[in-house]
Amino acid sequence: EIYFCNVIKEGDFMKNDVLRRKEHEAVRNGVGYYDFTHQVLDVKGKDAATFLDKVFVNDIKNMKKGHALYTTMLNEEGKIIDDVIVFRLEDDKYLISTLYIDKMIKWFDKFKGGCDIDYKDITSKLTMFALQGPKSRDLVNKIVDKDISSMKFFTIEDNTVGDLDIMVARAGFTGELGYELYVESGKKEVLEEKIKECGKEFGLVNITTDVIIGSLPGEKGYVLMSDLEGTNPLEVGYGWTVHWDSDFIGKDELLKAKENIKRDLFGFELLGEGQVEAGDPVICDGKEIGKVTKFTYGYTLEKFIGYCLIEKECAVEGKEVEIKAKAGSLKAKLCDRVFYDKENERVRE
């Protein structure tokens, strides 16, 4: 009845949504799975590492084989135009996971020059199932032939499920121990049936709602491009991803910005209940200091939470602000963007 009750506001709907809560708690306390296939670019060639160091800010050339790396791609003004995961499969072979592959290919085309590099969209050939939660390691070990217990965070390796060849990455977007299983798309049903069959003893839940981009990553401080739009890595807490020894696109402008960072992507929690939308102004002492970029209900925290891109001098934990929502002003308290497992113990256990 919740879905059709007009008197329930959207904010209350999020809080009281039974299915969202069930799926969120399954990942936090047990294990959930879902098809989380991003767009995938296959990159290879003897100049691949050099070229990727040019278009991304992180240190690609020194990646170890079988490892993954989070990085951003900047325009000439030093602003983020994509954030991606790069997997190094071989010395001269990489996979890049993105949500904006057409734009990435055009960007690569613009700058590749005479580089010995080949890249192609293989999205249609790969399906990725995410298995996330504290029971995910035990479940994956039931599914695959080669034990994955010793896999380190942000690594990827080949494995098999009977006659099925797959890749297993230890990664995820939920803030929990988790794995991602890549399989040839034509055989995805075979793998999914195996996942469901083996998952019965672990109480596996198929995640069908938006908790995978809302409450789960939102509690953990993870971002989407909608949070990063128009920012540089230093404004959103990603200075650690910038390899200053690389000559990447946008470096000159980012160096200038480094001396005068004026904004911060910060967290907030509502002091009460209500509905907030991305873009709503944030007011402090009568002055507009920024805008909301994300809003969700944190089922683990039992709070309405979100992110806001605000003036850095105002980004003080515990400071009270107002959010100008459509229904009126709502009071909120600023806080660190990472609400859950600040020490990363659960992700890296």
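A: Gladly, and let us start with a definition: a disulfide is counted here when two cysteine sulfur atoms lie within 2.5 Å of each other. Keep in mind throughout that this is a predicted model.

Q: How many disulfides does a search of the whole structure find?

A: The general idea comes first: a disulfide is a covalent bond between the sulfur atoms of two cysteines. In this structure the search finds 0 disulfides. Take cysteine 335 as a case: the nearest cysteine sulfur belongs to cysteine 308 and is 8.3 Å away.

Q: Is cysteine 335 buried or exposed?

A: Burial is read from relative accessibility, with under 20% called buried and over 50% called exposed. Cysteine 335 has 12% relative accessibility, so it counts as buried. Cysteine 115, at 28%, counts as partly exposed.

Q: Now the sheets. What is the order of the strands in the open sheet of 5 strands?

A: The order is β3-β4-β5-β2-β6, and the pairing is antiparallel. The strands at the edges are β3 (67–74) and β6 (118–121); each has a single partner strand, so one side of each has no neighbour in the sheet. From one strand to the next, the twist averages 25°.

Q: How many bridges join β2 to β5?

A: There are 6 bridges between β2 (residues 39–44) and β5 (residues 93–98), and the two strands run antiparallel. To find the pairing on your screen, look at lysine 44, which stands opposite lysine 93 in β5.
Two helices pack on this sheet. Helix α3 (residues 48–55) touches β2, β3, β4 (80–90) and β5, and its direction makes about 30° with that of β5. Helix α4 (residues 101–111) touches β2, β3, β4, β5 and β6, with its direction at about 25° to that of β2.

Q: How many residues of strand β10 are buried?

A: As background for any strand, side chains in a regular strand alternate between the two faces of the sheet. In β10 (residues 178–184), 6 of the 7 residues are buried, so the strand is largely enclosed by the rest of the structure.

Q: Which strands pair with β10?

A: Strand β7 (residues 126–132) pairs with β10 in the antiparallel sense over 7 bridges, and leucine 131 stands opposite tyrosine 179 there. Strand β9 (residues 164–169) is joined to β10 by 4 bridges, again antiparallel. In that pairing, isoleucine 166 has valine 183 as its bridge partner.

Q: What does the closed barrel look like, strand by strand?

A: Its 6 strands run β12-β15-β14-β13-β16-β17, with antiparallel pairing. Neighbouring strands are turned by 45° against each other on average, direction ignored. For a closer look, β14 and β15 are joined by 8 bridges and run antiparallel, with tyrosine 297 partnered by phenylalanine 304 in β15.

Q: Which residues have a positive phi, and where do they lie?

A: Most residues other than glycine have a negative phi, and most peptide bonds are trans. Among the cases here is aspartate 285, with phi near 55°. Aspartate 285 sits in the loop between β13 (281–284) and β14 (287–298), and its 73% relative accessibility makes it exposed.
Glutamate 302 also has a positive phi, near 55°. Its place is the loop between β14 and β15 (303–311), and at 43% relative accessibility it counts as partly exposed.

Q: Which residues lie nearest the centre of the largest pocket?

A: They are Tyr70, Phe154, Phe173, Tyr222 and Tyr238, out of 43 lining residues. The largest pocket holds about 1,100 Å³ of space. The elements giving two or more residues to its lining are β3, β4, β5, β10 and β12 (263–270). Of these, β4 gives the most, with 5 residues.

Note on methods: Residues numbered from 1 in each chain as written. Predicted model: local features only at pLDDT ≥ 70, side-chain atom pairs only at ≥ 80, totals over all residues. Heavy atoms only, no water. Pairing = 2+ DSSP bridges. Axes fitted to C-alpha atoms, helices over the stretch in contact; angles between N-to-C directions. Contact = heavy atoms within 4.5 Å. Buried < 20%, exposed > 50% of the residue type's maximum accessible area, 1.4 Å probe, protein only. 1 Å grid on protein atoms, 1.4 Å probe; cavity = no way out; pocket = protein on both sides within 12 Å on 5 of 7 lines; lining within 4 Å. Points joined across faces, edges and corners; volume = space filled by probe spheres on them.
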